[in-house]
Amino acid sequence: MGFDKIKIASCSFNDWPLIEKISKTNKPIIASTAGATLDEIEKIVNFFKNRNKNFALMHCVAEYPTPKDKLNLNRLKFLINKYPELLIGYSTHEHPNDTKIIPLAISM
């Protein structure tokens, strides 16, 4: 389909047949971590590292819109510290009128 990158949606984070197929491409990969346990994240990271894949993790919360008290922006710091060699991003799901969250996420 001519995509530049492939994003693994949170709901597909543990879809190993899909992940295997994605790993056979030469496209950069973004894996969204909403709902994933640390063990599941570690398995994905090791899987892609062992295959020398260009990939990033994305923190998000799978609640639409996400209430402020559930954003868990500290998870960004955690992922950055745990995986300093990876790009870590933030997928926003808060209310569209709430423009204060993005600068907070960027500052993390």
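Visitor: Which strands does helix α3 lie across?
Guide: Keep in mind that this is a predicted model. In it, helix α3 (residues 74-82) lies across β3 and β4, and runs at about 170° to β4.

Visitor: What is the order of the strands in the sheet?
Guide: The sheet is open and has four strands, ordered β1-β2-β3-β4, with parallel pairing. β1 (6-8) and β4 (87-90) are the edge strands, each pairing on one side only. On average, neighbouring strands are turned by 25° against each other, direction ignored.

Visitor: How many bridges join β2 to β3?
Guide: Four bridges link strand β2 (residues 29-32) to β3, and the two run parallel. Ser-32 has Met-58 in β3 as its bridge partner, while Ala-31 stands opposite Leu-57.

Visitor: Is β3 mostly covered or uncovered?
Guide: Mostly covered: five of the five residues in strand β3 (residues 55-59) are buried. Phe-55, Leu-57 and His-59 point one way, Ala-56 and Met-58 the other, and all are buried.

Visitor: And helix packing: at what angle do α1 and α2 pack?
Guide: Two packed helices are described by the angle between their axes and the distance between those axes. Here α1 (residues 16-23) and α2 (residues 38-50) pack at about 25°, with axes 11 Å apart. Angles under 35 degrees count as roughly parallel, so α1 is roughly parallel to α2. The crossing of α1 past α2 is right-handed.

Visitor: Which residues of α1 and α2 meet?
Guide: From α1, Trp-16, Ile-19, Glu-20 and Ser-23 meet Lys-43, Ile-44, Phe-47 and Phe-48 in α2. Five residues of this contact are nonpolar, one is polar and two are charged.

Methods
Residues numbered from 1 in each chain as written. Predicted model: local features only at pLDDT ≥ 70, side-chain atom pairs only at ≥ 80, totals over all residues. Heavy atoms only, no water. Axes fitted to C-alpha atoms, helices over the stretch in contact; angles between N-to-C directions. Parallel < 35°, antiparallel > 145°, perpendicular 65-115°, else oblique. Left-handed = near helix turned anticlockwise from the far one by under 90°. Contact = heavy atoms within 4.5 Å. Nonpolar A, V, L, I, M, F, W, Y, C, P; charged D, E, K, R; others polar. Buried < 20%, exposed > 50% of the residue type's maximum accessible area, 1.4 Å probe, protein only. Pairing = 2+ DSSP bridges.
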